Every structure is written in C-alpha cells, then in structure tokens.
Amino acid sequence: MNRRVLRRLVSNLMVGLMVVAVILAVLPLMFILINLILKGASSLSVEFFTKTPVPAGETGGGVVHAIVGTLMIVGLASVFGLPLGIGAGIYCAEYPASRLSTAARFVADVMNGTPSIVVGVFAWTWIVARQKHFSALAGSVALAMLMIPMVMRTTEELIKLVPHSLREAALALGYPRWRTSLSIVLRTALPGIVTGSLLAVARVAGETAPLLFTALGSQYLSFNIREPMAALPLTVFTYATGPYEEWHRYAWATALVLILVVFVLSIAARIATRRRFNVNA
Amino acid sequence: MTSPVSPVVDAIGPAAPSRTLNRGTSSSADRFFRLVLTLAALAIPVLLGFLVFELYMGSRLAMGQFGFGFITDSIWDPVAEKFGAFPLIFGTLLSSLLALLIAVPLSLGVAVYITEFAPRVLRQPVAFVIELLAAIPSVVYGLWGIFVLIPFLKKFIFPLLRTLFGFLPFFQGPIYGPSMLAASTILAIMIMPFIMSVSREVLLAVPNSQREASLALGATRWEAVTSAIIPYARSGIFGAIILGLGRALGETMAVTMLIGNRHEIAASLFAPGYTMAAVIANEFSEAATDMHFSALAYVAFVLFVLTVLVNGAARLLIWRVAKGAAIGSKAL
C-alpha cells in the first residue's frame, strides 16, 4: 500500500517537474518577443521604412537600404537555389534506387549540417577572393547553398506522398513519363513544395554569418549586385555591437522588422500546407 | 523546363506508329527530362566537392606552415603570423556540451509533457509555437542576449552560482558579462526548439499499444514513460540530441556576440572564451595577411570536418541502436 502511494507520488512529482521545464523553456522565448516589441516598436515610423541611415550622432534615418538589400540578396538566392533544389528533389523521388539519388541524399544531409559560416568562407574564396571585391552576388550564392539541401529533401518527401495510383493512371492513359511527372505528380505535390520553398526562404532571410564577408553590408541604398549591399540581419549585427545608444534602438527596430518578415513567411507556409495536405509539420 | 516535343503531339503519341514501335524505350522528351533532372541532382555532390576543394585551397598555406600542430597549439598572433586553434576548438566543444547539458533535460521534459501528459487542446499550439521559435534568426538571439540575458545573468544567476558552487574552479573569479556560460545559455535556448520538435515527432511515432500495455500492467503514467515509451524511442531521441549538438557546434552570430572573444582557455565559466565560428566571423573581413586568411580558412575546414563527423556518427549510432526499426530517422 505504502509503495503504491510512493509510486504515484513519484509520478506526480515528475509531471510537476515537466511543467516546470515547459515554463522554463517558453519563458526566454516569450521574453524575446516581448522585448522586441517593447524596445523595437517605438522606433518604427514611415521614415524608418523609407530613409537610409544618417551619420552616427544624428537622429532619424531608416533601414530602407537593408530591406531592399535583403529582398535582392534572398531573391537572387532563390533564383539559384530553388530550381536546383526542386530539380534534384524530383530526381531523387523519380529514380529513388539510382546510385546518384543515394549520393545526392547523403550529400544533402552533409550540407544541411554544414555551419553557415563555413559556407560563407566558401563563397568568399570562390567569388570574393577571385573578383577582389565584396559583392551581394557572393552572398546570394552562399544563401543558395544553404537553401538547396532543405528544398531538395522537402520536395522529395512530398512527391513520395503522392499516391502511386495517380502516377499509374496517367501512365496507363498513355502519358509519357515527363508529362506524368510534371503535370500529374508535381502538380499534386505543388502546395507542399511551395511551403518547403517558403520555409527555406524564411530561414535564409535571417542568416547573418554567410553574409558577413560576402555582401559585407553598406550604409547606402544600392541595386547593384556586384557591390557590397546591406541586409536586415547584417544591420542588426552592426547596430547591436556598435557603441551608440541610438544604434541600439535601431537594432531592436530592425530585428523586429526581420522577425516579422520571417514569421509571416513561416506562418503563411504552414497554413498553406495544413489546409491542402493535412500534414503535421 | 520546356520540352522539344509539343504536349499535344505527345498526348496522342501512343497512337502514332513510330511510338508504338518504341514502346518500352524512352522517347527523346523523356530522355531530355531525365537529363535535366540528372544534372540538377549531379550538381549537389559537385557543389559539396567544390566547397571542400575551395576550403582546402584556401587553407593550404596554413596547412603547410602549421600542419596538425595547428589543432594542438594555443598561440594566436596575427602580427607574428603564428596560429594555433586549440583554444578555439576547446571553446566550441565546451560551449556546445554545456548547452546540451542545459537544453537536453528541459527539451525532453517538454517533449514528453506535450506528447504524453498535456491536455489535448494545448498540444498543437505548443508544437506550433516551438516551430516558430526555431525560426528566430540567430542574430536576434544575439541582440537579446547582449541587452537582456547578460545583464540578467550578471545580476542574479552568476552571483548565485558563485555563492553556491564557489568551491569549484568553474565558478570562481571575476564576473564579466560576456562569458562562456552566457554563450552556452543562449546556445541552449537556441537548440531547445530543435531537440524538442524532433523528439516530439519521435515520441508521436511510438505505437499506442506500448503505452496501453504498460498502463494495463499497473504502471503509473511516469513509469509507462520510463519503461515503455522512452526505450522504444531511444534511438530517435539520441538522434535529436546529436542534431542539437551539430547545430550548437556551427552556431555563429549569437555566440560571437556573447562569448567575449578571447583566445584563452580559462577554468572559470564566467571568463570570456572563443569558438571557431566566432573567430571566423570576427577576423575574416579584417584579416590583413594571406597567412591570416589561410589560418581562418583552416579553422573553417576543421569546423567543417568536425560537424561532418558529428552528423555521420549520429546517423551511424541511430542505425545501430535501432537495429532495423529506424524510429525517428525520417524526422532527422
């Protein structure tokens, strides 16, 4: 009898400890969001989204250069990375047993585990060191390298979810293989692939490390991808580690903008999948 | 990806005599389709090979100069062009292991709670919030770490640790803000969502019969967790932890902003340290000599090899422990 009470006591105690763990885990994360809103929102203004920075010591100015920079760098990275990742993903799903598929899968896992700063060094030695100047292009290449394995694996997983009967029906109707793949299988899996791509875009949009010595950052609005360019995460880093109070305020506001961009992309992606596929992400 | 054969012709293709004769072999459009996809798939290993090659070429100079001594030497002096990465490697390993020490019990507790104990209404929202937290960029954690976490730790947690455990060398000495312990704390917060979401998926994959069987034998719910559910999911949970370790090893921005960046190994966790990723982030754009660049590329090379080994070991262990039934391998 006594033993049974003890066992139940232990059980309840452990559940209590787990609740404590949940609180401890959620607390810092709650605080991050609260701090971002409290310290960042007050600096947001029309000027913040339309002006470039003013010299240190003056007030005013904005981060439009970083917003444009992030859009351009991430956009270009998507142009490089998405077709390659999706194409490789289709290959691995269409020819799953081929030796190349096994190799590509293995390599994608290795790339997924590669630290982003290492990819930055790679983009530096490949492009910046050869051209002898920093460029947004090198940053885009680095981000594309990070996107490819993510996009490839989600594409493959989602194509595998398409029922075999659909493919067989199309082939039985006399569709050639490429049309079956593109207009039947791929089309069925498309919402999921869009989700995977959006998530990959959201993830690389917040990356700072690969841009540090490729896109480098700048104080000016620029549309030239062969020159250094600002980006939201780089701006957060520069302002946060800088010496001025004013800069710190801007770091919080820029971080708030960055996190809104990332969250909107991620939430949009997840809602799209949940409705169409009912897959629990 | 347009094909040379028009869709209309192709759709009626099987009726055409030439196509009937060709049945069984692929048409030229199919071959083109496969070629394009093959090129895309081929690009992945080629890119990785190129990455390794470029890292090797970049670090050749330092490799020739320092050899394997680079890993065991402790002097880092860009002016004298003497480089040794031991404190960096040590800092990377120590900060990651400390982060695991903090993050693993917490994230496993959360994962078990939301799969086994939490009210059903709470499960989906909590999982969703955790997914979002994994999406917060590293530089935002760094910003929060500098202005919120460090002041908090400095004021409350560090003095408390020093009073409680001051007899240990790890908790002695002056309290700086930026320190090994501060970096490990932010790392723990950052890797928690990853460990949580993978272990949650693994626990969800445990069949209900396991739970029901052990409860039917009279186990309390906690005993069901420790005797039936965790053992079944063990390999996947192990994979989740190693995945977290891999993340922690390569994490750059938040650590760079919080660790204090000093090329030294200190016994005290309150003292600043350095990691491989942080030194690259700090010094790469300011390096003046070829040897300095090369030494930093060498550091990147070592870091790359380390993460590949950790991820490879994780896969191997999971495969071994699981003995065929690879629970959670999909989540990885």
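**Domains, helix packing and the chain interface**

Me: In this predicted model, what distance separates the centres of domain 1 of chain A and domain 2 of chain A?
Reply: The domain assignment of chain A places domain 1 at 2–43 and domain 2 at 48–277. Taken over C-alpha atoms, the separation of their centres is 33 Å.

Me: How many residues of domain 1 of chain A are in contact with domain 2 of chain A?
Reply: On the side of domain 1 that touches domain 2, the residues comprise three nonpolar, two polar and one charged. Eight residues of domain 2 of chain A take part in the contact, and the number from domain 1 of chain A is six.

Me: Are helix 6 of chain A and helix 8 of chain A roughly parallel or roughly antiparallel?
Reply: The axes of helix 6 (residues 136–161) and helix 8 (residues 177–205) of chain A come within 8 Å and cross at roughly 150 degrees. Angles over 145 degrees count as roughly antiparallel. Helix 6 of chain A and helix 8 of chain A are therefore roughly antiparallel.

Me: How many nonpolar residues are there in the contact of helix 6 of chain A with helix 8 of chain A?
Reply: Helix 6 of chain A contributes residues including Leu143(A), Met147(A) and Leu158(A), which meet a set in helix 8 of chain A that includes Ala189(A), Gly192(A) and Arg203(A). Five residues of this contact are polar and one is charged, while the nonpolar residues number 13.

Me: What is the handedness of the crossing of helix 5 of chain B and helix 8 of chain B?
Reply: The axes of helix 5 (residues 86–117) and helix 8 (residues 180–204) of chain B come within 6 Å, at a crossing angle of roughly 35 degrees. The crossing of these two helices is right-handed.

Me: Which helix of chain B gives the most to the side of chain B that touches chain A?
Reply: Between the chains, 71 residues of chain B are in contact with 75 residues of chain A. The side belonging to chain B has 48 nonpolar, 17 polar and six charged residues. With 19 residues, the element that gives the most to this side is helix 3 (residues 28–66) of chain B.

Me: Is Ala281(B) buried or exposed?
Reply: Ala281(B) lies in helix 12 (residues 276–283) of chain B. Beyond residues up to four places away in sequence, Ala281(B) touches Ile117(A), Ala209(A), Leu212(A), Thr252(B) and Thr256(B). A residue counts as buried if 20 or more other C-beta atoms lie within 10 Å of its own. Because Ala281(B) has 24 other C-beta atoms within 10 Å, Ala281(B) is buried.

Definitions and conventions
Residues numbered from 1 in each chain as written. Chains lettered and ligands numbered in written order. Predicted model: local features only at pLDDT ≥ 70, side-chain atom pairs only at ≥ 80, totals over all residues. Contact = placed C-beta atoms within 7 Å. Helix = DSSP H or I, 4+ residues; strand = E, 2+ residues; numbered from the N terminus. Nonpolar A, V, L, I, M, F, W, Y, C, P; charged D, E, K, R; others polar. Domains from an automatic or database assignment. Axes fitted to C-alpha atoms, helices over the stretch in contact; angles between N-to-C directions. Parallel < 35°, antiparallel > 145°, perpendicular 65-115°, else oblique. Left-handed = near helix turned anticlockwise from the far one by under 90°. Buried ≥ 20, exposed ≤ 12 C-beta atoms within 10 Å, placed from the backbone.
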